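Work through the following exercises with the sequence and the coordinates side by side. Each task is followed by a solution that goes step by step.

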Amino acid sequence: MRIGAASAFALAIALAGCGAGQSTLDPQSRPAREIADLWWWMLAAAAFVLIGALVLLFIGWRRRDRPGLPVVGNLGERGFNGLVVLFGMIVPLLALVVVFVAANFSVASVTEAPAPGSTAMTIVITGNQWFWDIHYPGSGAVTANEIHIPVGTRVDAVLRSADVIHSFWVPQLNRKADMVPGHPNRILLYADHPGVYRGQCAEFCGLQHANMATTVIAQPPAQFRAWLANAARPRIAPTGAQQQRGEQVFLSERCASCHTIRGTSARGTIGPDLTHLASRSTLAALTIPNTRHELERWIADPQKIKPGAKMPSVDLSTSERDAVVAYLETLR
Ligand code: CUA
């Protein structure tokens, strides 16, 4: 049953990777709904003005060189001019005023940082070139790229940057919010329904900006608590000979100077925390699925998959690489 749920999530993430489920027009929370509603009102106002202008243009075109031709029914020249003023000035002006007022209300309510005490938990999301680091203060849990939250729960997300400006954007859940070095921003993360909501870095941040994606995985509270408890634990020491060798290789090679695996001497903070790597569905900020084959390719030549990424190729023999992959696969 647990495996069933895990595969369902993996499948959902894989589907999210195909571009589905990242739409502002499929809101799954109140702030996202306000943004979508505003968008629809703006579209309606713009469409009304455009259609009016096109109709008048068409009538004017029919009446070119024939000023006597009635406009519509018995509407004469003055009536036509009146319509031009109405659709050329009055209606657009009214539409702009209405949209301006509506936008101000939505912006005020959507941009508000969650009030102290109004949220059930806080998470800290840090943008890095090019992945997301996620800490769950108080629990010790750390993960990367795939953000777990309990469904129907107000989560205060503190947004930081470790290097340049990034922008955190999960369109189905809330607006964009910039991650500015030295200036934490806060945003409400809330999902009405369990699901996997894809997000994307929305501020150009270098070569791999496009491959800086994320997912918010909203889980039923009990499932979330189980995930959190596991994510807070150090790694379980490998028991197989190949996996043990993999850990030794990992710790003695450069891997350990960039990555942390809690429960070992690997304490690097340049790359993502790998303590529970095998519990994630994707690698390299959703660039590739987390399968054995892709993990092998990634370790063998990260620059081929994600040029410019800070991960270098590490000179490992095939058997060393196989051992490291076998080890990483135990990190559930
Ligand atoms: Cu980070 Cu664009």
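**Exercise 1.** Which helices and strands each supply at least two residues of the lining of the second largest pocket?

*Solution.* The model is a predicted one, in which local features need pLDDT of at least 70 and side-chain atom pairs count only at pLDDT 80 or more, whereas totals for chains, interfaces and linings use all residues. Residues are numbered from 1 along each chain as its sequence is written, and side-chain values use heavy atoms, with hydrogens and water left out.

Step 1: helix H6 (255-258), strand S11 (282-283), helix H7 (292-300) and H9 each supply at least two lining residues, where helices (H or I, at least four residues) and strands (E, at least two) are DSSP runs, numbered from the N terminus.

Step 2: the lining comprises 33 residues, of which His259, Gly271, Pro272, Trp298 and Met311 lie nearest the centre of the pocket; a lining residue has an atom within 4 Å of a point, and a pocket is, on a 1 Å grid over the protein atoms alone, an open set of points where a 1.4 Å probe fits, with protein on both sides within 12 Å along at least five of seven lines.

Step 3: by class, the lining has 23 nonpolar, 6 polar and 4 charged residues, with Gly counted as polar.

**Exercise 2.** Determine which residues of H7 are buried, and what covers them.

*Solution.* Step 1: Glu294, Leu295, Trp298 and Ile299 are buried in H7, buried meaning under 20% relative accessible area (1.4 Å probe, protein chains only).

Step 2: seen down the helix axis, the buried residues of H7 fall within an arc of 130°, so they line one face of the helix, the arc being that of the directions from the axis to the C-beta atoms.

Step 3: the cover over these buried residues includes S11, strand S12 (288-289), helix H8 (302-305) and H9.

**Exercise 3.** Is Ala323 buried or exposed, and which residues does Ala323 touch, not counting residues up to four places away in sequence?

*Solution.* Step 1: Ala323, which lies in helix H9 (residues 318-328), is buried, with a relative accessible area of 0%.

Step 2: with contact taken as heavy atoms within 4.5 Å, and residues up to four places away in sequence not counted, Ala323 touches Gln242, Arg245 and Gly246.

Step 3: Arg245 is 78 residues from Ala323 in sequence, yet the C-alpha to C-alpha separation of the two is 6.2 Å.

Notes
Buried means under 20% relative accessible area, exposed over 50%, partly exposed in between (1.4 Å probe, protein chains only).
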